[in-house]
Every structure is written in structure tokens, then in C-alpha cells.
Amino acid sequence: MRFTTKVIPSRTGNIGRIHLSNPSSLNALDLDMVRFLNDLLPSYTASSSSLKATILTSNTNKRKVFCAGGDVKSVYMAGKGLNGNEADIHAFEAQKHGYGYYDPTANGNSNGQSGKDAITTAAFFREEYQLNHKIAQQYERYSIPQISIWDGIVMGGGVGLSVHGTYRVCTQHTKFAMPETNIGFFPDVGATYVLSRLKGGIGPYLALTGKRLNAYDLMHAGLATHHVPSENIDAMLDELTKQSLQDTSGEEGGKEVGGVKVHKQVDFVARVLMSYHEEIPKHESFLAKHREQIDDCFVNQTSVEDIVTALEKSRTEFATTTLQTLHRMSPTSLKVAFESLKRSKQCDTVAGCLKMEYRISQHFMRPGSDFYEGIRAALVDKDRAPKWKPSKLEEVTVDILSSYFDDLGDYELMLDDEGESKLVQCNL
């Protein structure tokens, strides 16, 4: 197993704990963290582990943060050939397709996850999506629910770590977003699967605008399963540990709790979470207050241009603010994000969406893509003034858009039941 000090695993009772501890980077996921988690989860779900649940928490330090995303700055540096790694520089300059060289047998590792020739622009997304797939399968395959404690900022890669798990607990400190269109990218980590299945126009609205959500919004949208005040989290975790030792029925059942089908052997998780859950007035959320306008402008639209037209016709304060937001985003990212949500509805599983997302991610790694300009403006130079190319929606042609969904040939994302080798098919 590969190790990092940025993720702290432990066991309390029959609970497997995973604690993110990278506070200096707001617990952002880097490749070392992804690789460690990919190695750790199989040990937690092994039949010999006797674990009844896993809990994902974070080191918040002085600022409430669950996970602020993936380490996209490192991806940027690798893609630009700024790491001092000759393999990275050569791959970026010589391979115009953008998905680089990924040798699945490098250094004798059949999974290719530690080979020196696996450049970051390919390896990071490939292995992150494999991790997302493991998490999505954990309950279905092993009857081990994951409980994620969203006590702070949850963005990008942090969403991928948690949203596919069985339970997501929000607090008064939760700030959730998928802000990728603002950095010249698109909502990934399986978000296309999740967002495309939200009710009404909420999914495309969130994907395009990157709107930040609080606990009220998350409960309204169904993205969070429970709301627990931050000051009660420790007591809830202690109770989960206590109940994991007392619950020894080992029986499998089939009832639903909070819309989630649970097995009797893990009923205690649902019981404890509901005992600490506090109802909040979901109708007071931003999404609820503007739901009618969101649905009017974002439902049944065939293009981003149609959404813009609908907002322009609306002439409400909400429409004006939303238009201003969309005009700041990468036009390419907006179109790719919207198209990815449409295509994700053809995928029956998270795995199929992850395969599509990997194709898109690698095309965003091509030299000159908006990803590099977006990261430069947000995280490198920090001038907050990206110069998108193309700069207008109408300049993002059908050919440009479709190129982001082209298959990668031998470089396709490979997934099997453990998220590593067998190709998952999806009509893309």
C-alpha cells in the first residue's frame, strides 16, 4: 500500500475512518492522496475486515473545509511542462491529442498507477475516476455504507469523494459547488451522472453557473441526505462507533430509510443519522425560492444559447445575475458541460459517465485549451481575468464541441468491478 501523511486512516469499533489532513491546501486531493485511497478502500471492503461502515471526515484547522477540490494546479504545471519532468515535457510537446503517455505496465506494475511514465495529466484523472468508481460501488457490492461529513467547503474532487457514497451529512458550515466552468473545465468526478438526475433545471443550472449551495439548498436538491449541526457531529460519530459494536445481527434485509435501501446489518447507521438529523426549512433555500425561474430557463433547452435567450427574455433580477455569471465562464466549458449532462442520461451507471468524463478531461489537456488559461487566471497569476478562446458561445462550433467527446483509442478509461481494468461500455 502506498502512503501519504495527507490522509489518516483508522478504525474505531467496526467503523473504518478516513480523515483528510491536507489543511494547507484546503484538503485538496493530489495524486498521492488518490493513490493511497485507491489502495485503502479495498482493505476496508474486504470480507475479512468486519467493517460495517466507513466515515469520511477532514482536518478543518482554522477554516471549515471538507475538500476544496482536486490539485488542478499540479495538473496545470505538468501539462505546461513546468515540473522539471522530462517525460511530462516531451509528452506535452509531442502528443497533440493531449492525453499523453500512460504505460499500464510501467515499473512492473500491472495497474500502471506508479509508473514513472504515467504523466500527471493522464494519471491524475484516470486514478481519481477509478477512486470515484470504487466509492460508487462500495454499498451496492459490499453493503458497507459511506458517511461523508460535509462540515465546510465541498468542491470538485471533494464532491467526487463523497456524493456517490450512501450518506452525505451537511451542516450550517457547508458550502458546496462544482465551479469548473470558471476555470475552463467541466463538472467531472461523476458529477454528470448526479447533476443530470436532479429534478427540474437544477442540474444544468449548477453545472453551468457553479452556484455555491448551503445546507438549505443541498437538502432541497437532495444532494445531502441529512442535516446535523456542526456542534453535534462528534457526538453522532461516537454513537455510530458505539452502535457498530452493538449491532451484530449480520442479517440482510431490504427496507428503505430516507430513500436509501439498506441492509439490516447496517440499519444502525440510518437510525443514528436520523436521530441526529434536524429538519430545516428547505423552502427558504435559494434554489427553492428561484425554482420556477430555474426550471423555466434551464429545462427542455437544446443548447446553452437557448438558455441565454430564455434568461434574456425573463428580465428578472435572478436572470440578470445568472447571465452575468455565464458571461464570465469559458464558452467552451459551458457547451461541453451542457452536452455532457445530455449524454450522461444515456448512461445507466456512474461508470459509464466516468468513461465519458475521462475522454473530456483528456481533451481539455490539449495544448491551448481553456483549462490552462483558467488555471493561470485563478491559481497561478491570480489576475481573475481569463482570456477564453473562443471567446463567444457562437464561436464554439459543433466540430469543436464534438471533439471533446471523441474516443481515446488505446487510452480509454478502463474500469471493472474494482475500478481498474475492464472497459465499461456506454452509448456515448
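**Exercise 1.** Determine which side chain meets Lys355 in a salt bridge, and where the two partners lie.

*Solution.* Step 1: In this predicted model, the partner of Lys355 is Glu412, with 3.7 Å from N to O. A salt bridge here is a side-chain nitrogen of Lys or Arg within 4 Å of a carboxyl oxygen of Asp or Glu.

Step 2: Lys355 belongs to helix α16 (residues 350-364), whereas Glu412 is in the segment after α18 (398-403), so the pair ties together parts that are 57 residues apart in sequence. Helices (H or I, at least four residues) are DSSP runs, numbered from the N terminus.

Step 3: Lys355 counts as buried, at 4% relative accessibility, and Glu412 counts as buried at 7%. Buried means under 20% relative accessible area, exposed over 50%, and partly exposed in between (1.4 Å probe, protein chains only).

**Exercise 2.** Locate the salt bridge between Asp295 and Arg291.

*Solution.* Step 1: The N to O value for this pair is 3.1 Å.

Step 2: Both residues lie in helix α12 (residues 291-298), four residues apart, about one turn of the helix.

Step 3: Asp295 is partly exposed, at 22% relative accessibility.

**Exercise 3.** Identify the network of salt bridges that includes Asp383 and Arg376.

*Solution.* Step 1: Asp383 and Arg376 form a salt bridge of 2.7 Å, N to O.

Step 2: Asp383 is partly exposed at 37% relative accessibility, while Arg376 is buried at 15%.

Step 3: The network links Glu373, Arg376, Asp381 and Asp383. The structure holds 13 salt bridges.

**Basis.** Residues are numbered from 1 along each chain as its sequence is written, and side-chain values use heavy atoms, leaving out hydrogens and water. The model is predicted: local features need pLDDT of at least 70, side-chain atom pairs count only at pLDDT 80 or more, and totals for chains, interfaces and linings use all residues.

Key: Helix = DSSP H or I, 4+ residues; strand = E, 2+ residues; numbered from the N terminus.
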